[in-house]
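Biologist: I would like to learn how to read a model like this one. Could you take me through it feature by feature?

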Amino acid sequence: MIEIVSSSACIKCDVCIKVCPTDVFDRGADGVPVIARQSDCQTCFMCEAYCPTDALYVSPVATPVGADSPHASESAVSGAGLLGGYREMVGWGGGRTPGSRLDQNPVLTSIPPLAEPRLSTPADLAEGPWNHQRQA
């Protein structure tokens, strides 16, 4: 759940306001977004991922944390290097390696054979991989 908008790191670009699917933020009087409807947050991390200055922190907890929680303390979160931590984890932002470049899963270079070769194919197979054109 969204917990922190760092007013010192925010550049007032409104990206977090625009990408939030549940309209959690309002633009503050000073231009810095404010968390207006925290209970509507789905903990999707979209705002944190798209923030160009790592000014947001979304706690991995799906309910609001208490005021005494370190997850609600900007100094604790910043000191732990967690402001923009999700964005860093997925490799977004200058000087970071995109997560797709770190992926250890195998890359498929062709369509694998059908699992059961003794049965007929359930549909016509395309000649090339990813050929989605309809046949006449």
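Modeller: Buried means under 20% relative accessible area, exposed over 50%, and partly exposed in between, with a 1.4 Å probe and protein chains only. This is a predicted model, where local features need pLDDT of at least 70, side-chain atom pairs count only at pLDDT 80 or more, and totals for chains, interfaces and linings use all residues. Residues are numbered from 1 along each chain as its sequence is written, and side-chain values use heavy atoms, with hydrogens and water left out.

Biologist: Where is Phe45 placed, and what is its phi near?

Modeller: Most residues other than glycine have a negative phi. Phe45 has a positive one, near 70 degrees, and lies in the loop between β3 (33-35) and α2 (46-50). Helices (H or I, at least four residues) and strands (E, at least two) are DSSP runs, numbered from the N terminus. Lys12 also has a positive phi, near 60 degrees, and is in the loop between β1 and α1 (15-19). Lys12 counts as partly exposed because its relative accessibility is 40%.

Biologist: How many helices and strands does the protein have, and in which pattern?

Modeller: There are five helices and four strands, and along the sequence they follow β-α-β-β-α-β-α-α-α.

Biologist: Which residues have the most contacts inside the largest nonpolar core?

Modeller: In soluble globular proteins, nonpolar side chains tend to be buried together. A nonpolar core is a set of buried Ala, Val, Leu, Ile, Met, Phe, Trp, Tyr and Cys residues joined through side-chain atoms within 4.5 Å. The largest one here has 16 residues, and Ile2, Val24, Phe25, Cys47 and Leu56 have the most contacts inside it. β1 (2-5) and β4 (56-58) are the elements that give two or more residues to this core. Beyond its neighbours within four places in sequence, Leu56 is in contact (heavy atoms within 4.5 Å) with residues including Ile2, Cys16, Cys47 and Leu83.

Biologist: What share of the protein is buried?

Modeller: Of the 136 residues, 26% are buried.

Biologist: What share of the contacts with a separation of 6 or more joins residues 24 or more positions apart?

Modeller: Such residues account for 50% of those contacts.
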